[in-house]
Amino acid sequence: MKIIMLGAPGAGKGTQAKQIAAKYDIPHISTGDIFRANIKNGTELGKKAKEYMDQGLLVPDELTCDLVMDRIQEDDCAKGFVLDGFPRTIPQAEALTAALEKIGQKMDFAIDVDVPDENIVNRMSGRRACLECGATYHIVAIPPKQEGVCDNCGSKLVLRDDDKPETVQKRLDVYHEQTQPLIDYYNKAGILKSVDGTQPMEKVFEDITNILA
Ligand code: AP5
């Protein structure tokens, strides 16, 4: 099963993608996580990506597409995968469609996690992230057992640099301009499904599993 998670920054794509990956035993491929790991490790890609991410801008397609195309051809993707944060522009979507067509495949579902902008800024200011293992929490909705400490690996939780309110607003503007057109793209491809992302996360997951069933 090959799934794309769509939705605004902070809509809950990552939260849901991790659970989908666990339930269906497929890899969770998050371009944001890949860039953050590169930033943490001080790679050239990480240095370039950080310039854009800190401003709430998208990393250029030429730095993004090849890394995803390589990743989805790895052996663990043979049964499928869940893409989180990719594609984010029409050229990225076209590159993905073309790469899959070449090997006689196509995406099965594009799931739009729908959350209005007014809910997003609050969610993001409450998010705490573990930069070691990628786990995310929310100080009210999904708190860690011990404040400021990751349940999974015991590392310190942080507010992501791009979760500051002024950067979140820029990310929302970029989302509406460059990523929202993908809803129409995948609707035309006949694989778009939408879920109400303002519901509790267990209910959002139930709605998604009903779609995938
Ligand atoms: P990325 O990491 O992909 O960020 P994003 O898309 O902006 O999404 P987020 O990770 O911020 O949010 P999410 O939807 O996953 O929500 P989450 O589950 O964490 O990308 C970061 C940057 O990298 C981009 O800005 C760009 O610069 C670059 N980049 C990445 N991919 C790229 C690409 N393809 N092309 C170009 N550039 C790219 O949830 C948010 C919070 O809400 C959490 O605290 C969570 O606990 C909480 N929450 C989740 N669900 C619920 C719920 N149902 N109710 C209450 N709270 C909830």
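1. Setting aside neighbours within four places in sequence, Asp-112 contacts Leu-6, Gly-7, Tyr-175, Ile-183, Leu-192, Lys-193, Ser-194 and Val-195, where contact means heavy atoms within 4.5 Å. Please keep in mind that this is a predicted model, in which local features need pLDDT of at least 70, side-chain atom pairs count only at pLDDT 80 or more, and totals for chains, interfaces and linings use all residues. Residues are numbered from 1 along each chain as its sequence is written, and side-chain values use heavy atoms, with hydrogens and water left out.

2. Asp-112 sits in strand β4 (residues 109-114); strands (E, at least two residues) and helices (H or I, at least four) are DSSP runs numbered from the N terminus. This aspartate is buried but forms no salt bridge, and Lys-13, the nearest side chain of opposite charge, is 8.5 Å away. Buried means under 20% relative accessible area, exposed over 50%, and partly exposed in between (1.4 Å probe, protein chains only). A salt bridge puts a side-chain nitrogen of Lys or Arg within 4 Å of a carboxyl oxygen of Asp or Glu. For charge, Lys and Arg count as positive and Asp and Glu as negative, while His and the chain ends are not counted.

3. Now to the nonpolar cores, meaning sets of buried Ala, Val, Leu, Ile, Met, Phe, Trp, Tyr and Cys residues joined through side-chain atoms within 4.5 Å. The largest one has 25 residues, and those with the most contacts inside it are Ile-4, Ile-72, Leu-83, Leu-96, Met-107 and Tyr-186. At least two residues of this core come from each of β1 (2-6), α3 (44-53), α4 (61-71), β3 (81-84), α5 (90-102) and α8 (181-188). Apart from this core lies another, of 24 residues, including Ile-3, Ala-11, Ile-20 and Phe-109.

4. Leu-83 is worth a look: not counting residues up to four places away in sequence, its contacts include Ile-29, Val-68, Ile-72, Leu-96 and Met-107.

5. The salt bridges come to 15. In helix α9 (residues 201-212), Lys-203 and Asp-207 are four residues apart, so about one helical turn separates them; their side chains meet at 2.6 Å, N to O. Lys-203 is partly exposed at 32% relative accessibility, whereas Asp-207 is buried at 17%.

6. Finally, a network of salt bridges links Arg-127, Arg-160, Asp-162, Asp-163 and Arg-171.
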